[in-house]
Amino acid sequence: MKSTTRGTLAALVAGAAAAVGAAAAPAAAAGTAPLPVPLGGAESALGMELPSVRGELPLPAPGSPEGPRFTEGRLLPERAVPRLPVEGGLPGLDVRAPLAHVLGDGFDHVGVRTAPSGLRAVSPGLTVDGPLTGPGAGRAGLPALTLPELGVLTPALQTVPGADLATGTGL
């Protein structure tokens, strides 16, 4: 086999492996992404204990919108612009900081932890109805005139956040 053929075959195999790895990566990373804040260098340069900070960023996942719903007596569907659901979360945070014995002996550190919590949001939508009704049987199939309608479907947001506060020695 020539070296160019081997190189082409190796490139194809590497591309296929990368495609399979990229397809499997979103399934593995479907929750949160860690966000460390490196303060170790500043801690050793200053010669003192600094707070440790870590975070978690949730990855939003768009849902499928509800389609238009046709109802009897309306010319246009009920939701002209559907609401789009988005599932995600609020970020988590873990902060641990030294105290200067403010609360007495045995309380030389304080820690605050907020866990990432689920978040469900629905974008606003729009509903419209035209100035005509559907064809009527009593008027030889002709539509009747009505007042046009325009409505905004309100957005929604659902979550349950929480936090923990702890003090102690060395946390």
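This is a predicted model: local features need pLDDT of at least 70, side-chain atom pairs count only at pLDDT 80 or more; totals for chains, interfaces and linings use all residues.
Colleague: In β5, which residue is the bridge partner of E56?

Modeller: Strands here are DSSP runs of E with at least two residues, helices are runs of H or I with at least four residues, and both are numbered from the N terminus. Two strands pair if DSSP finds at least two bridges between them. In this case, the partner of E56 in β5 is G92. On another strand, P34 stands opposite E56 in β2.

Colleague: How many bridges join β2 to β5, and in which sense do the two strands pair?

Modeller: Five bridges connect β2 with β5 (residues 92–98), in the antiparallel sense. One of the partners in β5 is D94, which faces R54. Strand β2 (residues 52–58) also pairs with β1 (residues 32–37), again antiparallel, over six bridges.

Colleague: What is the order of strands in the open sheet of five, and why is one side of β1 and of β11 left without a neighbour?

Modeller: The order is β1-β2-β5-β6-β11, with antiparallel pairing. Strands β1 and β11 (164–168) stand at the edges and each has a single partner strand, so one side of each lacks a neighbour in the sheet. Direction ignored, neighbouring strands of this sheet are turned by 10 degrees against each other on average; the axes are lines fitted to C-alpha atoms, and angles run from 0 to 180 degrees between N-to-C directions.

Colleague: Which strands form the open sheet of four, and which are its edge strands?

Modeller: This sheet runs β3-β4-β7-β10 with antiparallel pairing. Its edge strands, β3 (61–62) and β10 (156–159), each pair on one side only. Strand β7 (residues 117–122) runs antiparallel to β10 and is joined to it by four bridges; in β10, L157 is the bridge partner of A121.

Colleague: How many helices and strands does the protein have, and what percentage of its residues count as buried?

Modeller: The protein has two helices and 11 strands. Of its 171 residues, 13% count as buried, meaning under 20% relative accessible area with a 1.4 Å probe, protein chains only.

Definitions and conventions
Residues are numbered from 1 along each chain as its sequence is written. Side-chain values use heavy atoms; hydrogens and water are left out. Buried means under 20% relative accessible area, exposed over 50%, partly exposed in between (1.4 Å probe, protein chains only).
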